[in-house]
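Please keep the sequence and the structure in view while reading.

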Amino acid sequence: MQEEFLDSLSPNALAALPYLFDFWAHSHQLPPEGNWRTWVILGGRGAGKTRAGSEWVRSQVEGTGPGDAGRARRVALVGETLEQVRAVMVFGDSGILASSPPDRRPVWEETRRRLVWPNGAEAMAFSAHDPERLRGPQFDAAWCDELAKWRNAEETWDMLQFALRLGEHPRQVITTTPRKLEMLKTILGNATTVTTRAKTEANTAFLAASFLEEVRARYGGTRLGRQELDGELLADLEGALWTEAMLDAAVKARGVTPARIVVAVDPPVTGHAGSDSCGIIVAGAATEGPPSEWRGVVLKDETVHRASPMVWARAAVDAYHAHGADRIVAEVNQGGDLVEQVVRQIDPLVPFRAVRASRGKSARAEPVAALYEQGRVAHAQGLGMLEAEMGQMTAQGFKGQGSPDRVDALVWALHELMIEPAAKWRRPRVRSLG
């Protein structure tokens, strides 16, 4: 039946078919009906959000013929950075250029950071790092990509709203993987906002089966999986030790130049298929002045999954050398002397300190969470898995699947760097009577 349909089409119709998005699109990729101003597409990774954004821009700027005017002539393309606008929204596999038929394909003008269509319509690129550039220009349409990642989200959004003032009914589309952001919640609650949602599996036909199997096996049922695969906007858990606001503040904090660096290890000891991950966290601290002025920084998450003792020990030692660390700190409750022995097999000279848990995970984590609450810990980029695990740690225990291996390693690292040294610093010295 499909062959009969295709055979019935003229050569021109066949050539145009790949660009008829309404024919191929999933329902969540098509604009909703109604008198909306903002369309938010919340979706998991690979759910087709970028293609939906590209095709919506096409639908706004293209007319009946290549030179005919469309509904919009001035479009704002706003992303986290200019490079991401260029690499994803313009030149990406699902970007505007790849989605456009040859006779309607716009031209990218690098120096002016804009796309120009054959009918004269333009799309200008903007970065959320520089919201002031949105002062002055005006638009009748806008596409905002990954808004939940924008650093200056509120200011950039506000500047865009003032600029979106051309035409009879200016509109904007937001394509984003959801992340708890107060401004995003406000946008979703507006009466003029419509929302569509899609899981990663909604776009299965265009994703590798091995990718879906791997990410579902590893992240299914976790908060990170619900956010990144199911497209859910998650709220803080009741009693969470680390709220989303605290984690956002850590990511946005200015960099810390550490005077001391440690590699902390939470080893599973065994390495069979059902064993926990081995949490390996690299962290540092600047400890000049009194403890209230000390600042910590989490530099890298080197956690390994289902690894044998020799594999995780090598990963820990490699991290020690790569970051110029001062010491490896490892919990030995489960492995005892074996933990140090296996590390020494990799490097006999590495400074090593064994630590033993005498309290529950939540009790150990609370003083570390207090450092975050005080704004005294910064996070490097690329710590999403650790941050997702931290968001599931509550005063009543860990609410995720398995064991919080990354959080355990983080707690040991910051105890070693800041909590214990601060306690010694405050301890009164005993004066000699002799």
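## Terms and basis

A residue is called buried when its relative accessible area is under 20%, exposed when this is over 50%, and partly exposed in between, using a 1.4 Å probe and protein chains only. This is a predicted model, in which local features need pLDDT of at least 70 and side-chain atom pairs count only at pLDDT 80 or more, while totals for chains, interfaces and linings use all residues. Residues are numbered from 1 along each chain as its sequence is written, and side-chain values use heavy atoms, with hydrogens and water left out.

## Overall make-up

The protein has 16 helices and 16 strands, where helices (H or I, at least four residues) and strands (E, at least two) are DSSP runs numbered from the N terminus. Of its 434 residues, 50% are buried.

## Arg327 and its surroundings

Arg327 belongs to strand 12, which covers residues 327-331, and it counts as partly exposed because its relative accessibility is 28%. Leaving aside residues up to four places away in sequence, Arg327 touches Arg260, Ile261, Val262, Val263, Tyr320, Pro351, Phe352, Arg353 and Glu416. One of these, Glu416, is 89 residues from Arg327 in sequence, yet the two are 9.7 Å apart in space, C-alpha to C-alpha.

## Two crossing helices

Two packed helices are described by the angle between their axes and the distance between the axes. Here the axes of helix 12 (residues 309-322) and helix 13 (residues 337-346) come within 9 Å and cross at roughly 65°; axes are lines fitted to C-alpha atoms, for helices over the stretch in contact, and angles run from 0 to 180 degrees between N-to-C directions.

On the side of helix 12, the residues in contact are Pro309, Met310, Trp312, Ala313, Arg314 and Val317, and they meet Val339, Val342, Val343, Gln345 and Ile346 in helix 13. By class, this contact has nine nonpolar residues, one polar and one charged, where Ala, Val, Leu, Ile, Met, Phe, Trp, Tyr, Cys and Pro count as nonpolar, Asp, Glu, Lys and Arg as charged, and the others, Gly among them, as polar.

## Positive phi in two loops

Most residues other than glycine have a negative phi. Arg113, in the loop between strand 3 (107-109) and strand 4 (114-116), has a positive phi near 55°, and with a relative accessible area of 29% Arg113 is partly exposed. Glu146, in the loop between strand 6 (141-145) and helix 7 (153-163), also is not a glycine and has a positive phi of about 50°; at 18% relative accessibility, Glu146 counts as buried.

## An exposed proline

Pro102 lies in the loop between helix 6 (96-99) and strand 3, and its relative accessibility of 59% makes it exposed. Pro102 and Pro66 are 36 residues apart in sequence and 9.6 Å apart in space, C-alpha to C-alpha.

Technical notes. Contact means heavy atoms within 4.5 Å.
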